[in-house]
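I opened this notebook to record what I looked up in the structure. The entries follow in the order in which I made them.

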Amino acid sequence: MNVAGPSRRGVAYGIDLLIRVLIFVALWFVAALAGVDIDFEAVSTGVQLVVLFTLEWGYYILFESLWNGQTPGKRAMSLRTVKEGGYPLTLFDVVLRNLLRGADWLPAFNVVGLVVMAFDSRFRRLGDLVAGTMVVSESGRSIGAALTIAPPLSAAELEVVPASARLSGAEMDALESFLRRVGTLNPVREHELAQMVAPMFAERLGVRHADPVRFLAALFVRAGGHVVAPPTPPRRGSRTQQATIATHDWRPS
Amino acid sequence: MKAPGSQRVSQDAFVAARRAHWQQLDQLLLQNKALHRLHPDLIATVGRLYRMVCADVMRARGAGYGQDIVAHLDLLAARAHNRLYRATPYRISRLWALVAREFPRTLRESWRFLAAASALFVLPLLVGVVACLTDPDLATAVVPRGQLEMLAEAYAEGFGGGRSESVDASMTGFYVYNNVGISFRVFATGIFFGLGSVFFLVSNGISIGATLGYVISAGAGRSIVTFIMGHGAFELTAIVISGAAGLRMGYALVRTEGLTRLGSLRRQGPAVARLAVGAAIMLGIAAFIEGFWSPSGVADEIKWATAAGLWLLVMAYFVFAGRGEEGAP
């Protein structure tokens, strides 16, 4: 499971805060109108108290218990609160972690909570620590989008790497992460990053390489990185000379 | 065992073979409908698919397949898990067990913390009252003068003659909101080794006492005491209980009995949670009384009798509820 960081949780917090404010404003108008019309002060006072009480302390407890660890803000950000082992929350967990917002908020604007999160490996705030909970991310549906190398690797580029090249799982993961970022980074930076590891691989395989980024892409392919023929023929060049790195479109859309 | 690099073909085969199952599970989870409302066959299907995906995650990891596949399966398994194993619905019987037995038992078991919290709250309160009865101006040291005067004026008017809506509604709202917030804060700040609880108990005791003393010396004593006593049975006690829960939490951090601080805290977690939930329920009741009953125009004598009844009820509940029954607290 992916533990969610402060920024996404912050956005979720903001969304929830906005919803709470809107609910209060809406109900306040209703209560004020009713109070004026009915002229029965105890009712409007009572309504206001219950609304304030509920919004301030009940909102999170209500939603996190009814929606299995989610609030509207968390749902919008695809976050969920779970027990540390991934189990669902009990009512006590929900109450504990949300009452401790009082401590996390101090001295103002969740400062304590943020500091505690910064020092914790799983971004747990005080409430999470006491209740034994954490907030995980359930999003990531964009992972698995086609991994493309542009322009496609030529046969010559692939030939540089011996077919017997073998990498460890961690190395393959690292290469894949890097190749997925190619194109989103500054080209100079890409080159720089690739240059950090490319000589190491080249030395191990006993080969020479030109462009480190292309070399790493070729290495990934030759070492068994997930390669399939593109679903439609590439626009330029012939298929015999080019290989495109792409993942299956196996993800449910 | 095959080397990681030799999986090139089998990853395709793997994905091709399993893909339909993954999609089916994803679709079922996307329905975003409580699982128990689905057709029984579908529920069984989700369970079956979930176990398949768990196995697939392991296979994908072990075989060193692409990160994206592992990540996707991981997430799919996690989503299915969270849907399948959601906490049991909160049964009324569970809450009833808390109210009828567990909460009062835990209270009696944590009597040391309760005693400490009571002392930390009540003594400053009495000091505040006495001090401000002798010299009302002292109250301005802890509560803004404007607020004190507004309160004294409001209580001097009493509740029989109908209060002016706009002033009172917002004012009472503010105080309830404030008091409930105080109570929760008293609890929450116990995480700072109990120091927060101590601070908030003492400071709130003083300011409540000072306000009381000021208003009484301004001649509206009868009115404010009448107002406070009704919901006070729940609210003042709930503040003390919250404080006790906070102190217990802080004490667990200080006296770890060989555990790590976090472990020690976790061990006290259930008891602390019971106290906090119990106090929260009491505050809910207090809010209703304060909203509907305390400011109403009912005759003072009836309010006194009710208040006395409520205090007796609460005390009897603390002392006697949940006794004589076997079973875990």
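Two strands pair if DSSP finds at least two bridges between them. I kept this definition at hand for the first entry; the model I consulted is a predicted one.

**Entry: the sheet.** I looked up the strands of chain A and found an open sheet of 3 strands, ordered E1-E3-E2, with antiparallel pairing. Strand E1 (2-3) and strand E2 (79-83) of chain A are its edge strands, since each pairs on one side only. I then turned to E1(A) and strand E3 (residues 133-137) of chain A, which run antiparallel and are joined by 2 bridges. For A:Asn2, I noted A:Ser137 as the bridge partner in E3(A).

**Entry: the cores.** I next asked which residues have the most contacts inside the largest nonpolar core. They are B:Ala117, B:Ala276 and B:Ala279, in a core of 98 residues. Helix H8 (residues 195-254) of chain B contributes the most to this core, giving 27 residues. Apart from it lies another core, of 20 residues, which includes A:Ile149, A:Leu153, A:Ala218 and A:Leu219.

I also listed the contacts of B:Ala117, leaving out residues up to four places away in sequence. B:Ala117 touches B:Leu201, B:Val240, B:Gly243, B:Ala244 and B:Leu247.

**Entry: a helix pair.** At what angle do H8(B) and helix H9 (residues 261-293) of chain B pack? I recorded an angle of about 170°, with the axes 8 Å apart. Angles over 145 degrees count as roughly antiparallel, so H8(B) is roughly antiparallel to H9(B). I noted, last, that H8(B) passes H9(B) in a left-handed crossing.

Note on methods: Residues are numbered from 1 along each chain as its sequence is written. Chains are lettered from A and ligands numbered from 1 in the order in which they are written. This is a predicted model: local features need pLDDT of at least 70, side-chain atom pairs count only at pLDDT 80 or more; totals for chains, interfaces and linings use all residues. A nonpolar core is a set of buried Ala, Val, Leu, Ile, Met, Phe, Trp, Tyr and Cys residues joined through C-beta atoms within 7 Å. A residue is buried if 20 or more other C-beta atoms lie within 10 Å of its own, exposed if 12 or fewer, and partly exposed in between; C-beta atoms are placed from the backbone. Helices (H or I, at least four residues) and strands (E, at least two) are DSSP runs, numbered from the N terminus. Two residues are in contact if their C-beta atoms, placed from the backbone, lie within 7 Å. Axes are lines fitted to C-alpha atoms, for helices over the stretch in contact, and angles run from 0 to 180 degrees between N-to-C directions. Angles under 35 degrees count as roughly parallel, over 145 as roughly antiparallel, 65 to 115 as roughly perpendicular and the rest as oblique. A crossing is left-handed if the near helix is turned anticlockwise from the far one by less than a right angle, and right-handed if clockwise.
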